[in-house]
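User: I am new to this structure and would be grateful for a close look at one part of it. Please examine the salt bridges and the places they connect.

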There are 2 protein chains.
Amino acid sequence: MEEKSISAAVIKRLPRYYRYLSDLQSENVERISSDELSKRMGVTASQIRQDLNNFGGFGQQGYGYNVEYLRTEIGKILGLDKVHNMVIIGGGNLGRALAGYANFESRGFVVKGIFDSNPELVGTKIRDIKIMSMGVLETFLKENDVAIVALAIPRGDAVSVAKKLYDCGIRAIWNFAHVDLDLPSDAFVENVHLSESLMQLSYRLNSHK
Amino acid sequence: MEEKSISAAVIKRLPRYYRYLSDLQSENVERISSDELSKRMGVTASQIRQDLNNFGGFGQQGYGYNVEYLRTEIGKILGLDKVHNMVIIGGGNLGRALAGYANFESRGFVVKGIFDSNPELVGTKIRDIKIMSMGVLETFLKENDVAIVALAIPRGDAVSVAKKLYDCGIRAIWNFAHVDLDLPSDAFVENVHLSESLMQLSYRLNSHK
DNA sequence: TAGATTGTTAATCGATTAACAATC
DNA sequence: TAGATTGTTAATCGATTAACAATC
């Protein structure tokens, strides 16, 4: 549906713009130039203008950008003006942490349910959200208009659960399992591979002494 | 100390190579060509050879790469042959989850202690690791040869705690707070901004319908 | 040796930065 | 109007891919 597709590099920077604009707004800054913003963020003004102009002209020559307006527009681009129903699979510590994150850090992501295959966890609650058995997942997904599923389970189970999710119509998976899910191309998978992130830190520690 | 510095794009791919090689090894695959590996991983063989040759020639013409040897070498590059003492700041759900991850998923990262400013948490234990008060952090860091600190605290406190850590000699921070830490250039910060990752998923969901 | 596959150079592609005309 | 700053085109830089000679 897009005229020309936006590069992954640009999309990755959008949430950071959104964060800086939110901060500026809470500092009651009304307008900002790409030059000022570039100094705050440590990127080039050129990059900011190029990035934004992928989506339209949000600024005004001689004035800069209106902070509130630009923040709202980037929010719309990121889909933050809509509510996204979520489900978390895996009721361990990571699942618990995600339940908190998704619900509080950015509104618009609503955790509808948590699922776990461990019968001992089923029936308990995490912050008012009850943990359900994997057996009722399929029905739940269909009845609750779930858009995003966070996968916080061991890698051994992740591939088969992901396939099942795809078959249930889920097209967005936030994947915390250390495995590549490899779903059809109309599915979106956002990987958060914590151990790989830690290894990058260890690489730098290792190579700079 | 490096002759020419390795690009961030290459470093980011190393842990994934390591993961695939570990999988191959547990499948008892002895050797693999860049072409075979490229098919498995969904990248070009050219990229694999280019990436590896940043660090030396690990293969052999006409044969390919020895899986065990290459895995070991990449492990060394990533510093996985060494033990890294870690400390986690923040004993909430995320801190708990990280304690598990770091200790179990990849050996070599040893969680020595967890710190929290909440007096109610101090004294309790997470998987044999006791939660300590922030007051004893500085002494603990010095006495325990801590190399990496995971910051799993609210963004409001993160900047000042990070500065303190830097002053205590910590040069590697695994940052989960939604803020840019902005430390001197000899410090390594690896950011894991979960809400920004979630926003990228929401962007794609939003823009493709 | 012949075949396979690397290591590496050269070509291409894409992303970032610089420059500047348009315009508020 | 003059000054400021965008939107956008052009130049540069870096990363990826292709090609192939070296060599096991």
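**Salt bridges between and within the chains**

B:Glu190 and A:Arg204 are joined by a salt bridge, in which the closest N and O atoms are 3.1 Å apart. This contact runs from one chain to the other: B:Glu190 belongs to strand 10 (residues 188-191) of chain B, and A:Arg204 belongs to helix 8 (residues 194-207) of chain A. The model under discussion is a predicted one.

The surroundings of these two residues may be considered next. B:Glu190 has a relative accessible area of 11% and is buried, because the limit for that class is under 20%. A:Arg204 has a relative accessibility of 22% and therefore counts as partly exposed.

A:Glu190 counts as buried at 11% relative accessibility, whereas B:Arg204 is partly exposed, its relative accessible area being 22%.

Salt bridges also form a network, which links A:Arg16, A:Arg19, B:Asp180 and B:Glu196. Two of its members, A:Arg16 and A:Arg19, are arginines of chain A, while B:Asp180 and B:Glu196 are acidic residues of chain B.

A further bridge lies within chain A. A:Glu27 and A:Arg40 form this salt bridge, and their closest N and O atoms are 2.8 Å apart. The two residues are 13 positions apart and connect distant parts of the chain: A:Glu27 is in the loop between helix 1 (8-26) and strand 1 (31-32) of chain A, whereas A:Arg40 is in helix 2 (residues 34-41) of chain A. A:Glu27 is partly exposed, with a relative accessible area of 44%, and A:Arg40 is likewise partly exposed, at 39%.

Chain A is divided into domain 1 (8-77) and domain 2 (84-196). The centres of these two domains of chain A, taken over C-alpha atoms, are separated by 32 Å.

How values were computed. Residues numbered from 1 in each chain as written. Chains lettered and ligands numbered in written order. Predicted model: local features only at pLDDT ≥ 70, side-chain atom pairs only at ≥ 80, totals over all residues. Heavy atoms only, no water. Salt bridge = Lys/Arg side-chain N within 4 Å of Asp/Glu carboxyl O. Helix = DSSP H or I, 4+ residues; strand = E, 2+ residues; numbered from the N terminus. Buried < 20%, exposed > 50% of the residue type's maximum accessible area, 1.4 Å probe, protein only. Domains from an automatic or database assignment.
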